[in-house]
Amino acid sequence: MGYVTRIVIIGGGPGGYEAALVAAQLGAEVTVVDCDGLGGASVLTDCVPSKTLIATAEVMTTFDSSYEELGIIVADDTPPAEQAARVVGVDLGKVNRRVKRLALAQSHDITASVTRAGARVMRGRGRLEGMQSLDGSRKVVVGAADGSEETLVADAVLIATGAHPREVPDAQPDGERILNWTQVYDLTELPEELIVVGSGVTGAEFAGAYQALGSKVTLVSSRDRVLPGEDPDAAAVLEDVFRRRGMNVMARSRAAAAKRVGDRVEVTLADGRVITGSHCLMAVGAIPNSEGLGLEEAGVKVRDSGHIWTDKVSRTTAPGVYAAGDVTGVFALASVAAMQGRIAMYHFLGDAVAPLNLKTVSSNVFTDPEIATVGFTQADVDAGRIDARVVKLPLLRNPRAKMQGIRDGFVKLFARPGTGIVVGGVVVAPRASELIHPISIAVDNNLTVEQIANAFTVYPSLSGSIAEVARQLHTRKTAGEV
């Protein structure tokens, strides 16, 4: 019987469990060490729960903003004289119970898939033990909750331990009134006045969701606008929507502290101003889970930020040690973590592998409207990092958008001059996460605007705007051009 390669994966999030599935498929002996449940933060406290909550908010927003314009009459037991005062609300306790139930179900499904593939799942915390042995193997010590330890020997180790919410020293979450994003699902009643500190993706998503659910929301942003890392045109659309719906968006306002005062929360800004609300959500970034893993002793380089350095095939600086996901700081996306994990296993086990290419990664902000992006950005064009032509088409001109009462959003494409190759795109629309896919295919396969424009689209459809933008980017070649 031949030798079987031993793989130990520390962390069961998307980077870890996807790597486990690949390694098991390729015939390795796989052990996944995890302390919370497979799926990691992505499934248990981040992507799956937040997007489930947002799905409920989306229904509320659609109903609230469109039903009258579309001619929908709400029939219920409310007396006719009181119809104007009719209020639609949510049972947040019921919503959050559903959120937790779906997250646990997804985690159980992932565990079943991994074990069915032949991998072993161990509950505990893993750490590297010393340098590589003379035979090239690595030792991983697994500590269980009862204090017992077990040492595993591995030919390769993948670290996929994720990240946890960053905390402000003078704004410590208490899980009741001052919350981080992992604690909001314990709320049983809708916050009457919610202060969201942080206007990045997490802050914007939760601010929009709770606004739609019925909370009075104040969004505190230390930058000039919401979503400072996203396309500026897209961020401007979203901020306009937020303000129009009644959100108090406080730009250039850095939060210095937050404290409970009875059943209220006081948030003190850096300039001395104080704002109050019933609850405060701190969404001020994440810290990689890289401590206590024995990294330095094992020869793994860690950046000043705490993130593990990796190359484009997920290798760390230590032979036989790979890393994937948020702990690497490459891109805080479940899809990227999963790809990093798969690439690591393909590389170590000798299968065909392509290095990670971040310019083909599509991402989405699950606000209303959604913001989806792929490839090169407006910032890349403005900074001269790439020469590209840009066309933006508002959805107001799209017939399907008019039918559905969609007022906000656009499609934007970036294409190389001369060749017309599509190098990036932005979609701001309901379900932009679905509409970005044809643009992602174009970017990944170096398709031209002519190829996009010549593909049939359904009429009427929102995707028709993608073809229309491509047609606007079409240029006739002049004499002498190739």
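Biologist: In which helix is Asn96 found?

Modeller: In this predicted model, Asn96 belongs to helix α4, which covers residues 92-116.

Biologist: Is Asn96 buried or exposed?

Modeller: A residue is called buried when its relative accessible area is under 20%. For Asn96 the value is 1%, so this residue is buried.

Biologist: Which residues is Asn96 in contact with, leaving aside its neighbours within four places in sequence?

Modeller: Asn96 is in contact with Leu53, with Leu187, and with Val184, Tyr185 and Asp186.

Biologist: What share of the residues in the protein chain is buried?

Modeller: Of the 482 residues in the protein chain, 46% are buried. The protein chain exposes about 23300 Å², and carbon and sulfur atoms supply 51% of that area.

Biologist: Let us turn to the strands. How do strands of a sheet pair?

Modeller: The general idea is that strands of a sheet pair through backbone hydrogen bonds, and the arrangement may be parallel or antiparallel. In this structure, five strands form an open sheet with parallel pairing, in the order β3-β2-β1-β7-β18.

Biologist: Which strands stand at the edges, and why is one side of each left without a neighbour in the sheet?

Modeller: The edge strands are β3 (120-123) and β18 (321-323); each has a single partner strand, and therefore one side of each lacks a neighbour in the sheet. From one strand to the next, the twist averages 20 degrees.

Biologist: How many bridges join strand β1 to strand β2?

Modeller: Strand β1 (residues 6-10) and strand β2 (residues 29-34) run parallel and are joined by five bridges. Within this pair of strands, Arg6 stands opposite Glu29 in β2.

Biologist: How many helices and strands does the protein chain have?

Modeller: The protein chain has 14 helices, together with 23 strands.

Biologist: What share of the contacts between residues at least 6 apart in sequence joins residues at least 24 apart?

Modeller: In the protein chain, that share is 62%.

Biologist: Which residues does UniProt list for the dimerisation domain?

Modeller: An unreviewed UniProt entry lists residues 362-468 as "domain: Pyridine nucleotide-disulphide oxidoreductase dimerisation". In the model, this span is 32% helix and 28% strand, and its end C-alpha atoms lie 21 Å apart.

Terms used. Residues are numbered from 1 along each chain as its sequence is written. This is a predicted model: local features need pLDDT of at least 70, side-chain atom pairs count only at pLDDT 80 or more; totals for chains, interfaces and linings use all residues. Side-chain values use heavy atoms; hydrogens and water are left out. Two strands pair if DSSP finds at least two bridges between them. Helices (H or I, at least four residues) and strands (E, at least two) are DSSP runs, numbered from the N terminus. Axes are lines fitted to C-alpha atoms, for helices over the stretch in contact, and angles run from 0 to 180 degrees between N-to-C directions. Buried means under 20% relative accessible area, exposed over 50%, partly exposed in between (1.4 Å probe, protein chains only). Contact means heavy atoms within 4.5 Å. Accessible areas come from the Shrake-Rupley method with a 1.4 Å probe; for residues, only the protein chains shown count as cover. UniProt positions are given in the numbering used here, feature names are shortened, and annotations may be inferred rather than shown by experiment.
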